[in-house]
Amino acid sequence: MIKIGIRFKFIFFTSLLIATIGLASSWFFSTQTRSQLEEELKKRGYSLIAQLAQDGEVKDSMTVAQKAFFEEPITRLRNLDIERELAYWRVLLTQDNILLEEKEKWIKTEIDKIPVHKNIEGITTPVFNVFTTDNGEQFYNFVVPIHEKRTIAEEEFAAHFFGLEEDSDQNEEKLLGIIQIGLTPERINKKMQVILWTRSIPLGFIIVLVGICVSYFIASGVVKPVKLLVKITDKVASGDLSQKVEINSKDEIGLLASQFNQMTKNLKQLIDEKEGVMDELKNVNRELSLINNELVQKNEQLNEAQEQLVRTEKLAAVGTLASGVSHELRNPLSAIKNAVFLLKRKLSRKAMPDIDGKTIQFLDIMDNEIDRCSKIINDLLGFTRVSKPTRFSSDINVVVNEALSRVVIAKNIKLTKILQPNLPMIMIDANQIDQVLINLVENACQAMVDGGELKISSRVSESFMEIEISDSGCGIPEKEVKKIFDPLFTTKPRGTGIGLAVCHGIMQKHNGAIKVKSQEGIGTKMFIRLPLEDKDAGSV
Amino acid sequence: MINKNRKYTVFIIALCTFLLSAWCAHAEETAIVIKSQDLSAYNQVVKGFQDECLKNNITIKSIYDLDGKMKLGQKIVRKIKNEKPDIVLAIGVLAATVLKEEIDEIPIMFCMVINHARFQLTEPNITGISTEIAIEDQLKGFQSILGSFKNLGVIYDPSKTGNIVAIAENKIRNVGMNLVKYEISSSKEVSAAMEKLIDKIDALWLLPDSTVVTKQSFGLIKTTTLENRIPLLCTSDVFVKAGALASVSSAHKDVGIQAARLVGKILKLPTPGSLGIVYPDHLELSVNTDTAKILGLELKVVQEDLKINFYP
């Protein structure tokens with residue numbers, strides 16, 4: 001789409017306006033001139049016909065109806081027609097009696113085609129009209145009645161004043177006839193043509209030309225600063241608020257520039273203030289984020305502490321329960337085990353008819369289950385009896401190796417040890433940590449029934465000694481990860497849910513931590529973190 | 001003896017007859033009448049003049065009619081000069097002006113010249129009877145039917161009746177009235193003049209002014225005054241007949257009579273012009289009763305020295 005600039009619009013419409021005014025002026029000038037010329041023609045016509053009407057010879061000629069007598073009056077009339085506008089003349093004595101009718105030779109219209117004035121009896125004053133003949137010639141037609149002059153005007157008035165009722169026949173002046181003359185506006189038309197081509201059109205052209213030039217210069221004067229303003233506005237819009245319009249005129253454009261500069265200045269101030277506020281807000285936001293992080297951290301810690309507390313309470317409750325139950329079950333189980341043992345020995349020595357192989361098998365089951373119950377009871381007792389660690393300076397790699405040596409690792413499990421050498425010695429209860437490691441390695445092995453890889457690594461991380469045990473087993477469902485350290489929670493069909501709870505308890509007593517990361521189907525990573533320097537443990 | 005006596009007797013009778021004829025011929029005054037055109041009003045003047053001349057032993061040698069044509073005046077003047085009358089009565093402005101230019105030895109008395117002052121008819125051998133009536137007499141006549149009124153309006157062309165208005169203005173002011181004037185220079189201005197004047201006047205005075213009074217304008221003036229119930233007062237009974245309320249004028253025949261009576265007086269004067277222009281001695285008040293009725297006037301004319309004519 002073509003963009004039409006304000007300069008073009010201004011010049012176009014101003015020129016259009018000026019052209020219209022120019023044309024209207026030319027038209028008005030032409031019309032006025034024509035009207036004036038026509039008026040002058042009318043005056044000349046009235047003057048000519050008045051001269052003819054007042055010519056005594058004309059009246060005499062009409063009185064005696066002698067056409068020849070008109071030669072002199074007509075010659076005088078033609079001499080008076082300096083402008084050569086007289087076209088025809090006609091003398092009527094009555095409506096049907098034309099005494100004389102002639103025309104100038106250069107008039108194309110035949111005299112008989114020029115209409116004769118009707119109703120000559122009704123004419124009291126000169127009559128004027130304009131008509132155009134069939135061949136297009138236009139004439140200004142003048143008709144005047146010719147009365148026989150009876151007396152002087154004063155006597156006419158005297159007759160009026162003293163009354164004429166007894167002499168009414170004298171009241172009306174005798175009508176001798178009418179004289180009709182025609183003037184052609186040909187000279188006016190030619191003059192108008194001359195005026196049109198020598199004055200109106202050149203004048204109109206000059207007006208339009210001058211108008212366009214003037215509007216161009218005016219538009220330039222107006223548009224130039226406007227364009228500058230647009231340019232500066234673009235720069236300001238693109239963010240450069242340092243721009244300033246340099247227009248010092250005292251007119252509206254100058255005022256606009258001044259206002260624009262003031263606006264830009266104010267805008268810059270506002271943006272500066274806004275940026276300052278934004279910076280402050282950013283700082284506040286950053287501080288709030290830090291506080292939020294701290295709060296989240298604290299919240300996590302609180303949650304963890306709460307979980308810890310709950311877990312500890314659970315452990316305490318379970319421990320109390322387990323201690324009581326274990327203590328009460330241990331002796332009956334021992335008695336049952338002995339009884340089973342004796343029963344099995346008796347049956348093995350003496351065959352009994354009612355006793356078949358299945359009975360022995362049932363007794364074995366009983367014996368195994370009694371062992372299992374004993375183990376559970378022992379575990380429970382062990383769990384309840386986690387004592388305060390007896391710490392000695394220990395090499396964690398040694399503890400790890402010892403723990404691995406005590407666990408039977410299936411052949412389909414690949415063991416990888418990445419133990420960082422020269423690790424610092426730490427104050428731990430090696431037996432308890434060994435128990436933790438065994439427990440974790442066993443769990444890892446149990447998770448890889450179909451084989452996999454078991455990785456054990458040790459390293460120093462910040463102020464902790466960290467041991468990582470990872471497997472490529474089945475992993476732990478996400479919703480169960482948080483519960484695995486709860487006492488009595490197990491995912492294994494024959495688990496007691498005591499092992500990890502015990503591990504957790506041991507790590508707590510060492511001011512350490514045990515954490516898990518697991519993805520179902522990929523594997524599980526267990527982390528043991530022991531402080532390098534433990535206040536409760538004293539120095540190494 | 002008898003024959004001789006008879007001869008003496010015849011001789012004496014013849015001598016007496018001759019002497020008487022000679023005396024009579026010496027004592028009889030002759031006059032010629034010349035009228036501007038054949039108007040009824042002029043003819044009445046001639047009639048009055050003829051009648052009174054008979055009574056006063058004045059012989060009217062000839063009566064000429066200019067028939068409104070100035071050219072005829074030359075021929076008639078030649079005839080008058082040949083006839084050598086004692087006095088010539090010129091009736092109308094055309095006759096008066098023709099005689100003024102051509103005759104300076106024979107006394108000329110004019111009459112029926114409207115506003116004679118315009119034509120400088122003031123030669124030593126010229127005297128005349130004014131057509132205009134003294135304004136005081138006109139006012140008396142108008143007030144006899146209207147009662148007193150204050151503002152009398154007048155429309156006039158200064159070039160024609162300015163002198164009449166100037167004289168009348170002072171006299172009207174002297175009787176405690178006010179003449180409200182409106183000047184015009186063309187009969188086309190009559191309409192505007194009426195509009196301007198009509199609310200300021202109690203009566204309108206129509207002067208013998210050919211700019212103001214035309215066939216067309218009189219109708220307008222009459223209609224306007226009637227619509228506004230303003231009395232229209234004139235100086236010719238012709239306008240009263242045409243619808244104006246009243247006029248004070250001289251009877252045309254009386255003017256002829258007055259002219260005949262003035263002949264002897266004029267001829268006794270060393271110069272006829274020393275008599276000046278005299279006013280008509282018989283006036284008549286003409287009133288249109290229809291117009292008076294429209295205006296709501298109750299006619300109670302108490303002017304005893306005026307002859308009153310009621311129209312229609």
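Val213(B) sits in the loop that links β8 (203-205) to α8 (215-227) of chain B; helices (H or I, at least four residues) and strands (E, at least two) are DSSP runs, numbered from the N terminus. Keep in mind that this is a predicted model, where local features need pLDDT of at least 70, side-chain atom pairs count only at pLDDT 80 or more, and totals for chains, interfaces and linings use all residues. Residues are numbered from 1 along each chain as its sequence is written, while chains are lettered from A and ligands numbered from 1 in the order in which they are written.

**Around Val213(B)**

- Val213(B) counts as buried because it has 22 C-beta neighbours inside 10 Å; the cut-offs are 20 or more other C-beta atoms within 10 Å for buried, 12 or fewer for exposed, and partly exposed in between, with C-beta atoms placed from the backbone.
- Setting aside neighbours within four places in sequence, Val213(B) is in contact with Leu206(B) and Phe218(B); contact asks for C-beta atoms, placed from the backbone, within 7 Å.
- Phe239(B) is 26 residues away from Val213(B) in sequence, and their C-alpha atoms are 10.0 Å apart.

**Chain B and confidence**

- Chain B has 11 helices and 13 strands, and 42% of its 312 residues are buried.
- Take the contacts in chain B between residues at least 6 apart in sequence: 69% of them join residues at least 24 apart.
- The average pLDDT of chain B is 88, with 92% of the residues at 70 or above; pLDDT is the predictor's confidence in each residue, from 0 to 100.
- For the complex, the predictor gives an ipTM of 0.80 and a pTM of 0.49.

**Helix α4 of chain A, up against chain B**

- In α4(A) (residues 153-162), 8 of the 10 residues are buried, so the helix is mostly covered.
- Among the buried ones are Phe157(A), His160(A), Phe161(A) and Phe162(A).
- The partners come from chain B: the buried residues of α4(A) pack against α2 (40-55), α4 (93-102) and α9 (237-241) there.

**Helix α1 of chain A**

- α1(A) (residues 6-54) has 49 residues and spans 69 Å from first C-alpha to last, close to the 72 Å expected at 1.5 Å a residue; that expected span is 1.5 Å times one less than the number of residues.
- Its buried residues include Ile11(A), Gly22(A), Leu48(A) and Leu52(A), and their cover includes β1 (86-94), β4 (138-147) and α6 (186-237) of chain A.
- The axes of α1(A) and α3(A) come within 10 Å and cross at roughly 155°; axes are lines fitted to C-alpha atoms, for helices over the stretch in contact, with angles from 0 to 180 degrees between N-to-C directions.
- That makes α1(A) roughly antiparallel to α3(A), a label for angles over 145 degrees, with under 35 being roughly parallel, 65 to 115 roughly perpendicular and the rest oblique.
- At this crossing Leu48(A), Gln51(A) and Leu52(A) in α1(A) meet Pro73(A), Leu77(A) and Leu80(A) in α3(A).

**Helices α9 and α10 of chain A**

- α9(A) (residues 396-405) and α10(A) (residues 430-447) pack at about 50°, with axes 9 Å apart, which means α9(A) is oblique to α10(A).
- Residues meeting here include Val399(A) and Leu404(A) in α9(A), and Ile433(A) and Leu437(A) in α10(A).

Methods: Two residues are in contact if their C-beta atoms, placed from the backbone, lie within 7 Å.
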